Amino acid sequence: MNIGVLALQGAFIEHEKVLDKLGVDYTELRQKSDLDTKLDGIILPGGESTVQGKLLRELDMFENIKEQIEDGLPVLATCAGMILLAKDIEDDDTKHLSTLPITVKRNAYGRQLGSFYTESDYEGLGEIPMTFIRAPFVAEAKPEVDVTAVVNDNIVGVEYKNQIAISFHPELDESTKIHERFLKMCESPTVAQA
Amino acid sequence: MNKRYELNKELAQMLKGGVIMDVTTPEQAKIAQEAGACAVMALERIPADIRAAGGVSRMSDPKMIKGIQEAVSIPVMAKCRIGHFAEAQVLEAIEIDYIDESEVLSPADDVYHINKRDFKVPFVCGAKDLGEALRRINEGASMIRTKGEPGTGDIVQAVRHMRMMNSAIRKLTSLREDELFEAAKQYQVPYELVEYVHENGKLPVVNFAAGGVATPADAALMMQLGAEGVFVGSGIFKSGNPAKRAAAIVKAVTNYTDAKLIAELSEDLGEAMVGINEQEIALLMAERGK
């Protein structure tokens, strides 16, 4: 198995360390030629979505990744990654990959003083650690989207076909449950889409 | 470990692989964000102008900082003077995302740095070598940057500081465990910090390059020397075409080993900031605060 880790900006090394721990191979995606490798899944890490979205386009990776996700490539998107996947961004006309029918609210908890840690339920995984760093949350999810985590009445985790999008950062905490769930999807992507 | 401190270190992790740009107006902040900055540093005068103007340099007007906070969605940082914890309290009160306790401003205290453990907002501090970096971390800094020599457009000091730090880290990893106590004594920091570096081969916080970065190749040089991201101060808005230069430096940081791409990025950037060599300057900001 080979997982692509988008490595344009942000906390991608932290995801790679989790994959190392789970014994999974990965490829860093920094430019178009990196997408020539066959991928079984892709991780969109935390960071700044404005930077990542811009570089995706300017380094000519945008269409390729969008098509692969639309064709069923499993994707795990954390924080900024969730913003890249969202169909709509609240109070902002910017559109990125737009493969996930949700409206996301950026910096939903305010500035850095609003960043927090908690432990909460994730559908099917039980209670897991959740670290929110200047995080977004889902302002609205279309009915076909499965809501998998809610913290303080705000949606912070969703799944839709081959896509997992969460506001928090599992790569920063000890639990590898979210990554394992994603990797299971990568092993049998068609099941995930059914 | 204090959870707030963890969250503050983690914000710095999100900035990695990115470029933090000095801006003096909301318009510049927008240009920086559109060019791909992962954060901006709000300040009244960029270091090159501070250097040219001379005199005492202080924290910026909070109103000006708030204007920049409203103009962009990326994190906003601001500088306070070394040791000036009241300026830091002001910056915390306006909910700044990161405080830079900076040698670019005139130091307010020639002995003590701010006790950064007292604050909820994170701090980044400059360091010339491993000892300075660990002392700042012990005081509560959750991010480190090289000092370089701000406002010069001369990369030599940032290179020197990054090399010194990383060579000291490599040395520490090779020590016997019973030699670490002496190392802690020399660096004037608790044993636990020295032990962390010995075991992990890196600082316990993110480490950026700063001071004198003016071109895409400068940024690539610092990344190849081990920086986890780059601050660009005067280099952007003192140049001929700030938007283009800023965007080029952002791409150079992402693909810092791709010389072919960096060659393309370096074309037609217009005039770089003029810059001054370290031998030509009277004031070495990097010597402030050890």
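Visitor: Which residue follows α10(B), and what is its phi like?
Guide: B:Gly226 comes after α10(B), and its phi is positive, near 115°. Before going on, residues are numbered from 1 along each chain as its sequence is written, while chains are lettered from A and ligands numbered from 1 in the order in which they are written. This is a predicted model, in which local features need pLDDT of at least 70, side-chain atom pairs count only at pLDDT 80 or more, and totals for chains, interfaces and linings use all residues, with side-chain values based on heavy atoms and with hydrogens and water left out.

Visitor: OK, and which residues of α10(B) are buried?
Guide: In this helix, residues 216–224 of chain B, the buried ones are B:Pro216, B:Asp218, B:Ala219, B:Ala220, B:Met222 and B:Met223. Buried means under 20% relative accessible area, exposed means over 50%, and partly exposed is in between, with a 1.4 Å probe and protein chains only. Helices (H or I, at least four residues) and strands (E, at least two) are DSSP runs numbered from the N terminus.

Visitor: What do those buried residues pack against?
Guide: They pack against α7 (156–173), β8 (230–232), α12 (242–254) and α13 (259–265) of chain B, where contact means heavy atoms within 4.5 Å.

Visitor: Switching to annotations, which residues of chain B does UniProt give as "binding site"?
Guide: The unreviewed UniProt entry places that feature at B:Asp22, B:Gly151, B:Gly212, B:Gly233 and B:Ser234. These residues span 213 residues in sequence, yet no two of their C-alpha atoms are more than 12.3 Å apart, so they gather at one spot. B:Asp22, B:Gly151, B:Gly212, B:Gly233 and B:Ser234 are also part of the lining of the largest cavity. A cavity, on a 1 Å grid over the protein atoms alone, is a set of points where a 1.4 Å probe fits but cannot get out, and lining residues have an atom within 4 Å of a point. UniProt positions follow the numbering used here, with feature names shortened, and annotations may be inferred rather than shown by experiment.

Visitor: Where is B:Asp22, and what does it touch?
Guide: B:Asp22 sits in strand β1 (residues 19–23) of chain B and is buried at 5% relative accessibility.

Visitor: Now chain A: which residues are listed for "active site"?
Guide: The unreviewed UniProt entry lists A:Cys79, A:His169 and A:Glu171. They span 93 residues in sequence, but no two of their C-alpha atoms are more than 11.0 Å apart, so they gather at one spot. Of these, A:Cys79 and A:His169 are included in the lining of the second largest cavity.

Visitor: Where does A:Glu171 lie, and what is around it?
Guide: A:Glu171 lies in the loop between β12 (163–166) and α5 (177–187) of chain A, and it is buried, with a relative accessible area of 6%. Beyond residues up to four places away in sequence, A:Glu171 touches residues including A:Glu14, A:His15 and A:Val18, which are among the buried residues of helix α1 (residues 12–21) of chain A, and also B:Met14 from the other chain.

Visitor: How do α2(B) and α4(B) pack?
Guide: Helix α2 (residues 26–35) and helix α4 (residues 62–71) of chain B pack at an angle of about 35°, with axes 8 Å apart. Axes are lines fitted to C-alpha atoms, for helices over the stretch in contact, and angles run from 0 to 180 degrees between N-to-C directions. The contact involves B:Pro26, B:Ala29 and B:Lys30 of α2(B) and B:Gly67, B:Ile68 and B:Ala71 of α4(B).

Visitor: What is the relative accessible area of B:Pro26?
Guide: The value is 27%, so B:Pro26 counts as partly exposed. The C-alpha atoms of B:Pro26 and B:Gln69, 43 residues apart along the chain, are separated by 8.1 Å.

How values were computed
1 Å grid on protein atoms, 1.4 Å probe; cavity = no way out; pocket = protein on both sides within 12 Å on 5 of 7 lines; lining within 4 Å.
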